[in-house]
Amino acid sequence: MTSVQSLVELHPTLDAGAIVSSLVPPPQFTQARFDNYIPNPEYPSQEEARTILEEFAGKNTAVIKQAKLFSRNKKTEEQPPGVYLDGGFGVGKTHLLAAAWNSASGKKYFGTFLQYTSLVGALGYVKAVEALKGASLICIDEFELDDPGDTMMMTRMLGELVAGGTRVAATSNTPPAALGEGRFAAADFLREIQALASNFRTIRIDGTDYRQRAAEGVSRVTSPRDIATYVSEQRAAGATVTVDRFDALLAHLATVHPSVYVRLLDNVDTLVLEDVHVIMGQTDALRLVAFIDRVYDAQIPIIASGTPISDVFGGDMVNGGYRKKYLRCVSRLIALTNF
């Protein structure tokens with residue numbers, strides 16, 4: 001039986017080296033390759049996206065830079081240094097992004113948009129850029145912009161990295177020219193968006209809309225008695241099952257930097273959350289989203305009592321400016337509790 005009984009017992013600290021080394025694809029995508037991505041024949045754009053991204057991933061940065069310096073072919077200079085996969089949930093964007101990372105050589109990083117902004121928050125802008133400099137490829141999954149500050153910081157960072165020869169591949173549910181649309185109208189914000197969009201060749205991948213899929217089903221609720229039986233049996237069998245009250249976990253997440261949420265999950269087999277209830281505070285809700293992203297990446301099942309955990313976002317949160325974040329989280333919570 002593990003000595004760790006709950007997540008609130010754990011207090012991971014910031015470690016620059018550990019944070020940077022964690023920028024790799026989630027475990028379920030370690031074997032992602034272009035040849036094991038199966039496009040849906042009903043959506044030809046999926047095959048097209050695979051072809052374009054495979055070609056992009058196979059290019060050598062040094063060759064590209066040399067072509068710019070010595071080639072008379074002006075078309076080479078016009079190729080954007082990044083590709084951007086735009087499409088709904090479940091069409092294989094992350095698989096293709098991981099395949100690009102797995103096939104690339106040299107120094108490379110893979111993380112969600114939140115992981116990169118958290119990296120800056122943990123290390124500071126200058127140290128974060130220094131840590132990423134020299135990479136041949138940077139992959140950014142779930143690219144989303146929730147405030148002008150993040151937009152300007154990310155644009156500036158990508159600009160510095162691209163100037164040094166780094167290529168960028170990103171995914172999102174919103175094309176880069178529309179990121180932040182409907183939230184902020186400041187002229188400088190819009191200028192940053194346009195500058196960011198110019199770095200990418202946008203590739204649209206059609207398929208089932210994640211907003212429809214996210215609305216299907218509900219997370220499983222387990223009774224306290226059944227939870228007690230499960231925990232006892234699993235721990236007796238040597239599994240690491242953590243048990244936390246929902247309120248206690250939310251309070252604990254406020255004390256841990258989001259960049260090290262993943263370290264709360266080391267060697268955990270199952271998460272048990274007791275007395276789940278609706279969250280009315282947006283700050284707590286966004287911390288939960290960031291945490292569930294890491295739980296989903298690690299594919300750790302959740303057993304919960306109380307309110308269905310897929311219904312925790314109260315008020316009108318799901319229809320607000322963070323709608324896509326919350327819907328993605330709801331979809332993941334349904335999957336994690338119905339294992």
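Biologist: Asparagine 267 is placed in the loop between helix H12 (246–253) and strand E7 (270–276). Why does asparagine 267 count as exposed?

Modeller: This is a predicted model, in which local features need pLDDT of at least 70 and side-chain atom pairs count only at pLDDT 80 or more, while totals for chains, interfaces and linings use all residues. Residues are numbered from 1 along each chain as its sequence is written, and side-chain values use heavy atoms, leaving out hydrogens and water. Exposed means over 50% relative accessible area, buried under 20% and partly exposed in between, with a 1.4 Å probe and protein chains only. Asparagine 267 has 68% relative accessibility and therefore counts as exposed.

Biologist: What makes the phi of asparagine 267 worth noting?

Modeller: The angle is near 65°, a positive value in a residue other than glycine. Most residues other than glycine have a negative phi. Aspartate 275, which is placed in strand E7, likewise has a positive phi, near 60°.

Biologist: Which class of accessibility does aspartate 275 receive, and why?

Modeller: Its relative accessibility is 44%, so aspartate 275 counts as partly exposed.

Biologist: Is histidine 95 buried or exposed, and why?

Modeller: Histidine 95 is buried, because its relative accessible area is 16%. Contact means heavy atoms within 4.5 Å. Apart from neighbours within four places in sequence, histidine 95 is in contact with Phe29, Ala32, Arg33, Asn36 and Tyr37.

Biologist: How do you know that H5 as a whole is mostly covered?

Modeller: Ten of the eleven residues of H5 are buried; among them are Lys93, Leu97, Trp101 and Asn102. The cover over the buried residues includes helix H2 (44–58) and strands E1 (82–87), E2 (108–112) and E3 (137–141). Alanine 100 also lies in H5 and, at 1% relative accessibility, counts as buried. Leaving aside neighbours within four places in sequence, the contacts of alanine 100 are Phe34, Leu53, Ala57 and Leu137.

Biologist: What qualifies a set of residues as a nonpolar core?

Modeller: The set must consist of buried Ala, Val, Leu, Ile, Met, Phe, Trp, Tyr and Cys residues joined through side-chain atoms within 4.5 Å. The largest such core has 62 residues, of which Ile140, Phe291 and Phe313 touch the most other members. Helix H13 (residues 282–298) gives this core its largest share, eight residues. At least three residues come from each of domain 1 (31–205) and domain 2 (224–338), the bounds of which come from an automatic or database domain assignment. A second, separate core has 25 residues, including Tyr37, Val83, Ala99 and Cys139.

Biologist: Which residues lie nearest the centre of the largest pocket?

Modeller: They are Pro26, Phe29, Thr94, Asp141 and Asp297, out of 30 lining residues. The volume of this pocket is about 590 Å³. H13 supplies the largest share of the lining, four residues, and H5, E2, H13 and helix H14 (323–337) each supply at least two.

Definitions and conventions:
1 Å grid on protein atoms, 1.4 Å probe; cavity = no way out; pocket = protein on both sides within 12 Å on 5 of 7 lines; lining within 4 Å. Points joined across faces, edges and corners; volume = space filled by probe spheres on them.
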